[in-house]
Amino acid sequence: MTTETLPRLVLERELAAPRTVVWNAWTDPAALARWWGPAGFANPRCEFDARPGGAIRIDMLAPDGAVYPMDGRVEEIVPPRRLVFASTALGPDGKRLFDILNRLELEESGGGTHLKLDVRVTAIHDPAAANHLPGMEIGWSMSLDRLAEAMVQRPTVFGAFTLHRRLKASPARAFAAFASLEAKRAWFAAPANEWKEVERAQDFRIGGRERLVGLWQSGRTTDFDAVYQDIVPDRRIVYSYAMHLNNVRISVSLATIEFAPDGEGTQLTLSEHGAFLDGYDDAGSREKGTSDLMDAMERSLGA
C-alpha cells in the first residue's frame with residue numbers, strides 16, 4: 001500500500017459527560033482501562049503517561065485469552081481539547097506489525113462533549129498484519145460505544161458487614177497471623193488451582209502499605225492495595241483499601257479487625273464499610289470472599 005491508500009478512519013460521537021470527564025477517560029490509565037478495546041476485552045496492563053513524549057503500553061485481553069499488545073507515545077497534548085498519540089500494534093514476539101497516528105479532538109456540546117477521532121495507519125511492517133486492518137473500524141466503533149457507556153453517570157453502591165470468629169488461639173497468635181507477609185501468605189490468597197500470585201508486599205506499620213496482585217485462570221487480574229491507618233498490637237488493626245479489577249478501581253473500603261480475649265482463645269470481629277464505584281455492585285461477594293478468608297486464617301492457626 002502507498003501512503004495515500006493506507007487505511008484512515010474519522011469517527012465522531014456525542015457523549016453525555018462534561019469534556020473534562022471525557023478527557024480523564026482518555027488520559028487516566030485506570031479510567032482508560034474501563035473501556036479500551038472491543039466488547040468483551042479487558043486491559044490487564046494499561047499505562048498512559050499523559051505528557052509530550054510520554055509512553056503508552058496497553059495489553060488487550062480477548063475473551064478467548066489471546067493478548068494483543070500495543071505501545072506508543074504521546075505526540076501532542078492540549079488538555080482538555082486535543083490529544084495526538086502514535087501507537088504500534090505488536091505481535092506475540094514483540095515485533096511491530098503496523099503503526100497508527102491517532103488524533104482526538106474534544107469540544108463542549110450542550111452540556112456534553114463532541115468527540116472526533118482521526119485514525120490513520122502510517123506504516124505496515126508485516127504484510128500479514130494487513131489482514132487485521134479491515135476490522136479496525138468495527139473495533140474502534142465498539143471501543144467508542146464502551147466509552148459512551150462508561151460516561152453514563154451511575155450511583156455509588158454502599159455496603160457494610162461484620163464477621164465474628166471464635167478462635168482457639170490467643171490474641172497475640174491471632175494478631176500475628178495478620179502482622180507479617182509470611183504469616184499472611186499462608187491464608188490470604190485464592191485457591192492455587194484458580195489463581196496465581198503476581199505481586200505481594202506488606203509494610204506492617206501505621207501509614208504502611210500492603211499490596212497483593214493476582215492473575216486468575218480466566219485472565220482477569222485483581223489488585224488489593226491497602227494502607228494501615230491504626231495498629232494496636234494484639235488488639236486492633238484498621239486499614240483502608242482499594243480493589244481493582246483488570247486495572248479498574250471498583251471499590252474503596254475501610255476495615256477494622258479487633259481481637260478480644262475469650263478464655264484461652266480470642267473473639268475476632270471484622271467490620272467493613274465499602275463504596276462500590278460507578279454502579280459496580282458485588283451482590284454480597286465481598287462479604288462471602290472475606291468470610292472464606294477468615295475461615296482460611298482460622299485453619300492456618302490450627303495448623
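Contact here means that heavy atoms lie within 4.5 Å. The structure is a predicted model in which local features need pLDDT of at least 70 and side-chain atom pairs count only at pLDDT 80 or more, while totals for chains, interfaces and linings use all residues. Residues are numbered from 1 along each chain as its sequence is written, and side-chain values use heavy atoms, with hydrogens and water left out. Helices (H or I, at least four residues) and strands (E, at least two) are DSSP runs numbered from the N terminus.

**Thr290 in helix 6**

- Thr290 belongs to helix 6, which covers residues 285-302, and, when residues up to four places away in sequence are not counted, Thr290 touches Phe161, Leu163, Leu270 and Glu272.
- Thr290 counts as buried because its relative accessibility is 10%, where buried means under 20% relative accessible area, exposed over 50% and partly exposed in between (1.4 Å probe, protein chains only).
- The side chain of Thr290 also reaches the backbone oxygen of Arg286, at 2.8 Å.

**Trp216 in strand 10**

- Trp216 lies in strand 10, residues 209-216, and is buried, with a relative accessible area of 18%.
- Leaving aside neighbours within four places in sequence, Trp216 is in contact with Ala190, Glu194, Trp195 and Thr222.
- With Thr222 there is also a polar contact of 3.0 Å between the side chains; a polar contact is a pair of N or O atoms within 3.5 Å, of which, within protein, one must be able to donate a hydrogen and the other to accept it, and residues adjacent in sequence count only if both atoms are side-chain atoms.
- Trp216 and Ala192, 24 residues apart in sequence, are 9.6 Å apart in space, C-alpha to C-alpha.

**Helix 3 and its packing**

- Helix 3 (residues 136-150) has 15 residues and reaches 21 Å from its first C-alpha to its last, close to the 21 Å expected at 1.5 Å a residue, the expected span being 1.5 Å times one less than the number of residues.
- Its buried residues are Met136, Gly139, Trp140, Ser141, Ser143, Leu144 and Leu147, and the buried residues of helix 3 pack against strand 1 (8-15), helix 1 (19-27), strand 6 (96-109) and strand 7 (112-124).

**Backbone features in loops**

- The peptide bond from Pro79 to Pro80 is cis, with omega near -10°, and Pro80 sits in the loop between strand 4 (67-78) and strand 5 (82-90).
- Asp234, in the loop between strand 11 (221-232) and strand 12 (236-245), has a positive phi of about 65° although it is not a glycine, and Asp234 is partly exposed, with a relative accessible area of 33%.
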